[in-house]
Amino acid sequence: MSDPVIEAADLHKHFDGGLVRAVDGLDIVVERGEMLGVTGPSGCGKSTFLHMVAALTRPTSGKLLVEGQDILGLSDPSSFRRDRIGLVFQLHNLLPHLTARENVEVAMFGTRLSRRRRRQRARTLLHDVDLSDQEERPPTRLSGGERQRVALARALANEPPILLADEPTGSLDVRSVDRTLDLLARLRRERPELTIVLVTHDPRVAGACDRVLHMADGRATDSPVRSRSTEA
Amino acid sequence: MSFLGLVVRNLRVRKVRSVLTALAVAVGVLAVVTLSLINDSVRSSALALLQTGRADFTVAQSGVSDVLNSNIQQVDVAKVGAVPGVSTAIGALVATVRLNSTYPLFLEIGVDAKDLHPFGIRILQGRAYSPDSTDEVLLGYQAADNLHKAVGDEITVDGNRFTIVGIYSVGQALGDSAAMMPLATLQTYQRQGGLVTLMFVQLAPGADMAAVRQEITDQMPSLTTIRTAAEFGRADRSLQLINAADEGSRVLAIVVGGLIVMSMMTMAFIERIREFGVLRAVGWPRRRVLGMVLSEAGVLGGVGAAAGVGMSLCAVQLLQHSSALSGFVHLQYTAGTFWRAIYTAAGMTVLGAIYPALRAAALAPLEALRHE
């Protein structure tokens with residue numbers, strides 16, 4: 001039975017008064033529990049699409065429903081992001097003066113969790129990404145792969161139904177990419193309802209997705225295709 | 001990690017800037033508290049002088065810039081003494097002279113020998129001066145301590161040599177740091193024949209004070225009666241100026257300190273744009289970012305206020321022993337002093353933090369994340 005989590009119809013995002021058409025008439029539906037890869041050349045609108053889904057930027061026109069909420073009419077994007085979206089950036093964007101655990105805890109401020117529960121949950125999440133022994137270290141003392149795993153733990157802190165990752169493996173070595181993919185696979189097994197949208201240039205990452213959306217000039221080049229690995 | 005823990009962590013990561021910001025607040029608080037303490041002390045000392053001698057109220061010339069510059073005809077003392085309801089009216093001439101380099105503001109009080117007791121003088125050592133003596137003085141015990149003088153010693157005041165015949169106390173600091181001599185003697189030395197500075201009035205039992213005061217000012221419109229600190233403030237224009245300077249310095253401290261805090265926090269804001277972007281991206285609402293920056297300013301303000309009060313306590317101790325104020329000003333710490341410290345620090349930090357805090361809250365998360 002169809003359960004769309006993200007529905008974009010004739011979605012546009014223009015900059016500089018329409019001179020730059022980052023997203024230019026995109027149509028896509030992402031089902032609950034699906035892992036969608038978004039690929040395409042630089043500047044094709046992949047990240048802009050992700051940012052619109054995360055309510056980090058407003059669409060210029062079109063329709064974008066995320067978990068049934070119209071992003072164009074969203075009154076409180078902050079609580080929407082906190083409760084509905086987990087975000088992982090290419091450059092992890094951890095706060096350098098906080099420890100790994102505190103970086104995860106920061107995302108839980110404003111929830112009903114007590115300080116003790118926030119701490120416990122951050123520890124559990126770091127354990128889940130195999131960083132139990134690094135939780136009191138600041139990001140400056142972690143490797144690139146470890147930082148990305150902390151960012152993943154932070155993204156999952158509030159148990160969001162949607163995980164958005166913008167080039168999560170873009171700055172990682174091969175071993176760290178493998179480990180990140182293993183983590184995502186494990187995450188999907190443990191939380192089958194979690195919907196994941198990954199922007200990537202890496203064919204291996206794209207190959208791990210259920211479907212891949214290829215974009216060019218702000219549009220889908222064709223209908224999203226099932227990746228070979230999931231077809232097999 | 002609590003919200004306050006995060007706030008403190010944010011401040012600790014920029015130690016030098018945080019210390020300098022707190023120091024700016026501390027210096028502002030130091031200036032305001034010290035000036036306020038001195039102002040309060042001058043006011044209370046002067047008020048205490050007016051309330052010397054078991055007086056129910058004091059009479060001075062109205063409209064003078066400084067109550068100590070008041071000039072009252074000695075004949076008016078007798079007129080006031082004759083007002084129904086007045087038990088005694090004592091005229092006193094008050095003058096300030098430079099005694100020496102370490103005692104630049106020395107108070108001389110001229111009172112008739114017969115009025116010493118009603119005036120409230122308690123002789124601690126020696127005796128009172130003779131009614132017609134021209135070379136005898138009583139020295140307040142604090143002045144005696146400061147000048148290392150004892151009964152029988154000589155003291156030269158304004159070029160005139162006197163013998164100290166007794167040590168007295170009137171129970172308040174300014175009076176106890178002075179010298180007293182017969183009224184006529186001081187009038188002669190000061191070339192103020194027939195004049196007194198103040199009148200100290202005691203009422204007869206059961207007398208209506210308001211009616212007596214009204215009667216005095218009705219009979220002698222050039223005089224004013226003073227009983228409370230507020231009345232003294234209205235009668236003494238110098239005090240009004242000191243109060244105005246006190247208020248002005250407070251506003252100036254808040255504005256200057258606020259600008260320094262704003263400068264520091266704006267620099268910190270520019271360095272932290274990406275951090276604010278991350279927090280907004282993970283779901284922090286604008287109000288929490290605003291609250292975080294204001295809380296950081298609040299912590300700095302609190303630390304600065306505490307440091308400023310500590311520094312001002314040290315400063316006033318030094319001032320108290322400085323030559324210019326020695327024996328003249330006796331500092332008193334009141335709750336008001338510390339309230340001033342708190343609202344000065346709060347004023348500086350709110351003024352200084354509101355602009356960077358609003359800018360941090362207004363940041364679009366995506367642009368902030370792209371900030372290099």
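How many residues does the contact take from chain B and from chain A? The legends below begin with that one. Residues are numbered from 1 along each chain as its sequence is written, while chains are lettered from A and ligands numbered from 1 in the order in which they are written. This is a predicted model, in which local features need pLDDT of at least 70 and side-chain atom pairs count only at pLDDT 80 or more, whereas totals for chains, interfaces and linings use all residues.

**View 1. The contact between chain B and chain A.** Here 18 residues come from chain B and 20 residues from chain A; two residues are in contact if their C-beta atoms, placed from the backbone, lie within 7 Å. On the side of chain B that touches chain A, helix 1, helix 11 (273-281) and helix 14 (365-370) of chain B each supply at least two residues. Helix 11 of chain B gives the most to that side, with 5 residues. Helices (H or I, at least four residues) and strands (E, at least two) are DSSP runs, numbered from the N terminus. For the complex, the predictor gives an ipTM of 0.89 and a pTM of 0.73.

**View 2. The open sheet of chain A.** In chain A, 4 strands form an open sheet in the order 2-1-4-5, with antiparallel pairing. Two strands pair if DSSP finds at least two bridges between them. Strand 2 (20-31) and strand 5 (69-70) of chain A are the edge strands, each pairing on one side only. Helix 1 (residues 46-53) of chain A packs on the sheet and touches strand 1, strand 2 and strand 4 of chain A. The direction of this helix makes about 60 degrees with that of strand 2 of chain A; axes are lines fitted to C-alpha atoms, for helices over the stretch in contact, and angles run from 0 to 180 degrees between N-to-C directions.

View 3. Strand 1 (residues 4-15) and strand 4 (residues 61-66) of chain A run antiparallel and are joined by 5 bridges. Ala9(A) stands opposite Lys63(A) in strand 4 of chain A. Asp10(A) is found in strand 1 of chain A, and has a positive phi of about 45 degrees although it is not a glycine. Asp10(A) counts as partly exposed because it has 13 C-beta neighbours inside 10 Å. (A residue is buried if 20 or more other C-beta atoms lie within 10 Å of its own, exposed if 12 or fewer, and partly exposed in between; C-beta atoms are placed from the backbone.) In the loop between strand 4 and strand 5 of chain A lies Glu67(A), a residue other than glycine with a positive phi near 55 degrees. Glu67(A) has 17 C-beta neighbours inside 10 Å, so it too counts as partly exposed.

**View 4. A parallel pair in chain A.** Strand 6 (residues 85-88) of chain A pairs with strand 7 (residues 162-166) of chain A in the parallel sense, over 4 bridges. Val88(A) has Ala165(A), in strand 7 of chain A, as its bridge partner. Ile85(A) and Leu87(A) point one way from strand 6 of chain A, Gly86(A) and Val88(A) the other way, and all are buried.

View 5. Which residues of helix 1 (residues 3-12) of chain B are buried? They are Leu6(B), Val7(B), Asn10(B) and Leu11(B).

**View 6. The largest nonpolar core.** This core has 113 residues, and those with the most contacts inside it are Leu164(A), Val25(B) and Val29(B). (A nonpolar core is a set of buried Ala, Val, Leu, Ile, Met, Phe, Trp, Tyr and Cys residues joined through C-beta atoms within 7 Å.) Helix 2 (residues 15-50) of chain B gives the most to this core, with 10 residues.

**View 7. Glu136(B) and its surroundings.** Glu136(B) has its place in strand 6 of chain B. Because it has 21 C-beta neighbours inside 10 Å, Glu136(B) counts as buried. Leaving aside neighbours within four places in sequence, its contacts include Tyr129(B), Phe162(B) and Met181(B).
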